[in-house]
Amino acid sequence: MLYRKFNSLDRETSLLGMGVMRLPMDEQGRVKQQEAIELIRYAIDNGINYLDTGFTYHGGMSERVLGMALKDGYREKVLVADKMPIWLCKSEEDLDRYFEKQMKRLDIDCIDMYLVHNIIPPNWKKVIKYNVLEWLQNRKNEGVIKHIGFSFHGDNALFKEVIDAFDWEFCQIQLNYVDRDEQATLDGLEYARQKGVDVIVMEPLKGGRLTDKVPPSVQKIWNKAEDMGVVPVDRSAAEWAFKWVCAQKGVSLVLSGMSNMEQVKNNIEIFSKDDISDISDGEKAIIDEVTAEYKAKIKYGCTGCEYCKPCPQKLDIPSIIDYLNCWYAYDKTENTKFEYSNWMTAFGSDCVACGQCEEKCPQGLKISDIMKDAAEQFGK
């Protein structure tokens with residue numbers, strides 16, 4: 001396992017971190033606790049020392065299972081990252097309420113890496129309204145939080161605003177070779193680096209969409225790289241994606257949500273290769289070609305401008321369209337359906353075709369038809 005040094009930490013972290021958010025499940029949709037504990041401990045035994053969870057993951061079972069896995073001396077081997085579910089907070093008092101519940105679930109007396117979860121415009125307003133930054137600093141002064149950060153899903157302009165608003169030690173952004181110009185973007189990565197803020201990358205495989213079912217047209221490009229001698233034969237789609245992220249200047253750690261032993265073993269093997277951060281011009285060209293191919297498979301031309309909001313039925317229309325685009329572009333991976341079903345609060349089936357959004361859409365999209373398509377594809 002390769003390691004890197006955070007600016008704010010006095011210890012090295014494994015370049016690969018484990019996202020404890022896609023744990024093995026049984027047929028009833030419940031976490032297989034013992035299997036999950038074995039998975040986490042295997043990862044720790046084989047060099048992973050950064051574990052990331054969240055209040056809402058698996059309905060709270062992620063925190064509980066992680067707490068169980070950290071018994072028997074495993075707590076001392078790792079850094080634990082958890083997040084404040086700011087969107088659930090209705091008052092300043094909720095900050096303490098959720099935090100204490102997290103500590104109880106984890107059954108630990110200190111959280112190493114604590115993040116404000118999912119910074120987007122409405123959540124950032126709550127951060128300011130409820131004095132979250134002051135609360136974080138007070139908790140750090142008390143010693144129950146060691147390092148302060150945030151996870152981000154807004155745009156580049158908001159990312160820079162947030163970076164400049166507080167003396168953050170680290171942040172977590174979504175980044176992969178397809179989404180390099182989305183959300184914080186590569187420009188944001190560089191901005192954080194210049195500010196001395198360590199950057200953790202999430203979704204390096206785009207929730208498994210870049211690996212679970214590789215479209216034939218994409219596989220043809222990967223095969224071309226092998227035929228040309230650009231890379232060794234049989235490089236996996238996962239290694240291609242991880243390599244691109246690790247090669248970006250300013251990346252301190254890469255998170256992967258691993259749900260079975262095969263994924264854990266494969267990822268540890270990839271992150272034990274000395275050349276994981278090295279990428280040639282030929283490799284970059286191949287990855288750019290794959291990126292273009294994926295983007296060409298996008299079905300609905302939504303720009304995410306959000307002019308369609310607010311929806312009377314409380315649909316997050318851009319997010320639903322994004323899930324639907326991912327569904328088609330990445331050959332209908334189950335992770336896309338899982339995220340849509342579990343992370344959205346209103347669905348395509350809730351659309352009443354009132355037409356208000358269509359009147360405001362600059363792209364002229366037939367949004368009611370798209371919502372119907374989402375309902376048909378995802379079952380709700």
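Burial is expressed here through relative accessible area, with buried meaning under 20%, exposed over 50% and partly exposed in between, as computed with a 1.4 Å probe on protein chains only. The structure is a predicted model, in which local features need pLDDT of at least 70 and side-chain atom pairs count only at pLDDT 80 or more, while totals for chains, interfaces and linings use all residues. Residues are numbered from 1 along each chain as its sequence is written, and side-chain values use heavy atoms, with hydrogens and water left out.

Gln-183 is placed in the loop between strand 8 (170–174) and helix 7 (185–194), whereas Thr-185 belongs to helix 7, where helices (H or I, at least four residues) and strands (E, at least two) are DSSP runs numbered from the N terminus. Thr-185 counts as buried because its relative accessibility is 12%, while Gln-183, at 21%, is partly exposed.

Thr-336, a residue of helix 13 (334–343), has a relative accessibility of 0% and therefore counts as buried. Its side chain forms a polar contact of 3.0 Å with that of Thr-333, a polar contact being a pair of N or O atoms within 3.5 Å of which, within protein, one must be able to donate a hydrogen and the other to accept it, and residues adjacent in sequence count only if both atoms are side-chain atoms. When neighbours within four places in sequence are set aside, Thr-336 is in contact (heavy atoms within 4.5 Å) with Arg-209, Tyr-323, Cys-326, Trp-327 and Phe-378.
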